[in-house]
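Please read the following note on charged side chains with the structure open beside it.

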Amino acid sequence: MSDFDPPGGALGASGTQPKRDLRRNLIAARRSMSEQNKKNQDSLVRRTLVTWLTEINASIVAAYVPMIGEPGGPELPSALGQVVSETLLPVVLPDRDLDWAESDGALAPAALGMMEPTGARLGVDAITRADVVIVPALAVDRSGIRLGRGGGSYDRALARVAAPQIVIALLYTGELVATVPSEHHDRRVDGVIIGDVVTMLSPGH
C-alpha cells in the first residue's frame, strides 16, 4: 500500500513539481529492479525489522500490507505477528484518511489493488495505541522527510502520532537520499530500515 494510488496510475494532486519528478524517478527505479533483488531485499528488511522490534520490546505495531514492489513484501504482516502482540493494519476511508483494524491473518481485496484486514474497524485514532508505526515510502531524507505517492493518507494519519511513538519507513537500497522537497503538511519519520541496517534520523542530519 503506497498512499493509496494505483500502480502506474495518477500520483495524486498533492506535491510540487520537484516532488512529482522525484516520485516518477523513484517509481521507475523500483520497476527496473529484478524480481530476485526485490525478494532478497524484502526478506532482509523483514528480518531486520522483527529483530529490532524484539530488541525494543514493541508490543503494538501499526503497519501496512505492502503492494507488489514495495519494501517488505506481502509477507510483512504475518512476520510482524510473530513478534508483537497486536498488529494494526490500515483501511482507506472515502476521504483517504486511515481507519485501522487488528490483523488476524485474513485480508480482502480493496480499492486501488490493495489488500485490507477484514476485522472490526477501530477508528482513525487507533494509530495512537501503537508503540511503533511502520509506513510506506518512496524515499526519506536525512532529516526524516518522507516522500509518499502524494495521496496524503499517511500525512493525515501521522498527525495523530506523538512521542514516544516511533515512526519507521521501509526502503530499498538508494532510497535514503540527501534531500526530499517538503511542504508544511509533511510528517517526518524517526528512522528507516534498508537491508540489515536500522538508521535513526533527526532533523537537520
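1. At a relative accessible area of 39%, Arg 129 is partly exposed, a class that lies between buried (under 20% relative accessible area) and exposed (over 50%), with a 1.4 Å probe and protein chains only.

2. The model is predicted: local features need pLDDT of at least 70 and side-chain atom pairs 80 or more, while totals for chains, interfaces and linings use all residues. Residues are numbered from 1 along each chain as its sequence is written, and side-chain values use heavy atoms, without hydrogens and water.

3. Asp 97 and Arg 160 form a salt bridge of 2.5 Å, N to O. Asp 97 is buried at 5%, whereas Arg 160 is partly exposed at 24%. Both residues belong to a network of salt bridges that also links Asp 95, Asp 125 and Arg 156.

4. Lys 38 and Glu 35 form a salt bridge of 3.7 Å, N to O. They are separated by about one helical turn, because they stand 3 residues apart in helix H2; helices (H or I, at least four residues) and strands (E, at least two) are DSSP runs, numbered from the N terminus. Lys 38 is buried at 10%, and Glu 35 is partly exposed at 49%.

5. In total, the count is 11 salt bridges.

Conventions:
A salt bridge is a side-chain nitrogen of Lys or Arg within 4 Å of a carboxyl oxygen of Asp or Glu.
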